[in-house]
Amino acid sequence: MTTLTVQEISPPDSKLAREITELVRDTVSPLLFHHSSRVYHFGALAGKRRGLRFDPELLYAGAMFHDLGLVPRHSSAEERFEVDGANAARNFLRSRGIPQADIDTVWTAIALHTTPGIPAHMHPVVALVTAGVEMDVLGLAYREYADAERNAVVDAHPRGNRFKENIIQAFYDGIKHKPDTTFGNVKADVLADKDPAFKRGNFCSVIRGSAWSA
């Protein structure tokens, strides 16, 4: 296994990336900011290992905006939180003059990041946002990353001692006001775990059973 350094897959040093970092850091909790940052790094590592060609700026936008729909400022009353985050990214990128085709790619990457089995067959940015999310939250492909890679990413963007439970709580807090939007997707499992009146399971069991220690 070839070990890559965090420096090799750092976010691009561009005006757009810096603006994304500033906006997301000022909008979400530290938990979600560091999670989103790890999603970028794990997604980029997966892309390099798979030999995929991808635009780091678009991957960074998708990773950093993917959970923005969980925060009140960007949460609608009716849409899935994934769509809210995708819409926020679309509006931001459009205001910066990003080409529509690239905006559509980022929108799709965010909208599909909780839909298993489909993103892997799509544009590399779409595939890699989901790969980063699945690694950081579910621990999927955990063993495909070198210990040094995992440690370097977590050192740069800590998980904390209770990440598994804290991320589940963050999901619940972001969607509990619109439970109907979880129908047919994994976030229904979050409601089932937190709300005794909502009887479902599975997704949270996968998170708790992952190879991560915290």
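## Helix packing and buried residues in a predicted model

Ala141 is partly exposed, with a relative accessible area of 33% (buried means under 20%, exposed over 50% and partly exposed in between, for a 1.4 Å probe and protein chains only). This residue sits in the loop between α6 and α7 (147-156), where helices (H or I, at least four residues) are DSSP runs numbered from the N terminus.

The structure is a predicted model, in which local features need pLDDT of at least 70, side-chain atom pairs count only at pLDDT 80 or more, and totals for chains, interfaces and linings use all residues. Residues are numbered from 1 along each chain as its sequence is written, and side-chain values use heavy atoms, with hydrogens and water left out.

The largest nonpolar core has 61 residues, and those with the most contacts inside it are Ile20 and Phe65. Such a core is a set of buried Ala, Val, Leu, Ile, Met, Phe, Trp, Tyr and Cys residues joined through side-chain atoms within 4.5 Å. Helix α6 (residues 124-138) supplies the largest share of this core, 9 residues. In soluble globular proteins, nonpolar side chains tend to be buried together. Leaving aside neighbours within four places in sequence, Ile20 is in contact (heavy atoms within 4.5 Å) with Tyr60, Ala61, Met64, Phe65 and Phe92.

Axes are lines fitted to C-alpha atoms, for helices over the stretch in contact, and angles run from 0 to 180 degrees between N-to-C directions.

| Helix pair | Axes come within | Crossing angle, roughly |
|---|---|---|
| α1 (residues 15-27) and α3 | 10 Å | 5° |
| α3 (residues 56-65) and α6 | 9 Å | 40° |
| α8 and α9 | 9 Å | 100° |

Angles under 35 degrees count as roughly parallel, over 145 as roughly antiparallel, 65 to 115 as roughly perpendicular and the rest as oblique. Helices α1 and α3 are therefore roughly parallel to each other. In this pair, Leu16, Ala17, Ile20, Thr21, Leu23 and Val24 of α1 meet Glu57, Tyr60, Ala61, Met64 and Phe65 of α3. The contact of α1 with α3 has 9 nonpolar, 1 polar and 1 charged residues; Ala, Val, Leu, Ile, Met, Phe, Trp, Tyr, Cys and Pro count as nonpolar, Asp, Glu, Lys and Arg as charged, and the others, Gly among them, as polar.

By the angle rule, α3 and α6 are oblique to each other. Leu58, Leu59, Gly62 and Ala63 in α3 meet Val125, Leu128 and Val129 in α6. The residues of this contact divide into 6 nonpolar, 1 polar and no charged.

The crossing angle of α8 and α9 is roughly 100°, which makes α8 roughly perpendicular to α9. Here Ile168, Gln169, Phe171, Tyr172 and Ile175 in α8 meet Lys187, Val190, Leu191, Asp193 and Lys194 in α9. By class, the contact of α8 with α9 has 6 nonpolar, 1 polar and 3 charged residues.

Thr182 is found in the loop between α8 (163-175) and α9 (187-194). With 1% relative accessibility, Thr182 counts as buried. Residues up to four places away in sequence aside, Thr182 touches Ile175, Lys187, Ala188, Leu191 and Phe198.

Trp212, in the segment after α10 (203-208), also counts as buried, at 8% relative accessibility. Its contacts, not counting residues up to four places away in sequence, include Phe42, Met135, Asp136, Tyr142 and Lys164.

Key
Helices (H or I, at least four residues) and strands (E, at least two) are DSSP runs, numbered from the N terminus.
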